[in-house]
Every structure is written in C-alpha cells, then in structure tokens.
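Please find below some notes on the model.

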Amino acid sequence: WFCDPQAPWQKGSVENLNGRARRVLPRDTPLASLSRPQMREISERLNATPRKCLQWRTPTEAFREEMVKLR
C-alpha cells in the first residue's frame, strides 16, 4: 500500500493499485476485519484484471511468463 522511501518511481503504480482496490473496498473498510478468503478473493480479482501496461495481459499471466523464463 505504500511506496519505499526514496523511491518516487513506485508512487504511480501504488496509487493505481490503491484506486483499483478502492473499487472493491470502500475507504472506511478496516482491512483487519476481512477474512482470509475475502482477501484472497480480492487479490484474485485484482490479479485477473487485464492491464494496458502489460499489453492487456493479466498480472497473473505476466508473472507466470516471467517465472517460465527463469527456468
């Protein structure tokens, strides 16, 4: 949810993720009140959404492709 100190290049992606998360969770939602299955569902939903910056692949697809390259 927060970028590293002295790493301004991370701010845009962090703000983008926060915006995406807020589409699912209202601002006043205490994250500690969410169950593990609810958090997993939100995570899966965010990771299954195609992104322009990934050439319209999902983050899950992009991650898998990168992992295959490491073999």
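1. Which hand, left or right, does the crossing of H1 and H2 have? The crossing of H1 and H2 is right-handed; a crossing is left-handed if the near helix is turned anticlockwise from the far one by less than a right angle, and right-handed if clockwise. This is a predicted model in which local features need pLDDT of at least 70 and side-chain atom pairs count only at pLDDT 80 or more, while totals for chains, interfaces and linings use all residues. Residues are numbered from 1 along each chain as its sequence is written, and side-chain values use heavy atoms, with hydrogens and water left out.

2. The axes of helix H1 (residues 11–24) and H2 lie 11 Å apart, and the two pack at an angle of about 125 degrees. Axes are lines fitted to C-alpha atoms, for helices over the stretch in contact, and angles run from 0 to 180 degrees between N-to-C directions. H1 is therefore oblique to H2, given that angles under 35 degrees count as roughly parallel, over 145 as roughly antiparallel, 65 to 115 as roughly perpendicular and the rest as oblique.

3. H1 contributes Leu-17, Arg-20, Ala-21 and Val-24 to the contact, and H2 contributes Ile-42, Arg-45 and Leu-46. Contact means heavy atoms within 4.5 Å. Five of the residues in the contact of H1 with H2 are nonpolar, two are charged and none is polar. Here Ala, Val, Leu, Ile, Met, Phe, Trp, Tyr, Cys and Pro count as nonpolar, Asp, Glu, Lys and Arg as charged, and the others, Gly among them, as polar.

4. The chain has three helices and zero strands. Helices (H or I, at least four residues) and strands (E, at least two) are DSSP runs, numbered from the N terminus. The C-alpha trace spans about 40 × 35 × 20 Å along its principal axes. Of the 71 residues, 21% count as buried (buried is under 20% relative accessible area, exposed over 50%, partly exposed in between, with a 1.4 Å probe and protein chains only).

5. The loop between H2 and H3 holds Gln-55 and Trp-56. Gln-55 has a positive phi of about 55 degrees although it is not a glycine, and phi of Trp-56 is also positive, near 65 degrees. Most residues other than glycine have a negative phi. Gln-55 is exposed, with a relative accessible area of 58%, and Trp-56 is exposed with a relative accessible area of 58%.

6. Thr-58 sits in the loop between helix H2 (36–47) and helix H3 (59–69). Thr-58 is buried, at a relative accessible area of 11%. Leaving aside neighbours within four places in sequence, Thr-58 is in contact with Asn-47, Ala-48, Thr-49 and Pro-50.
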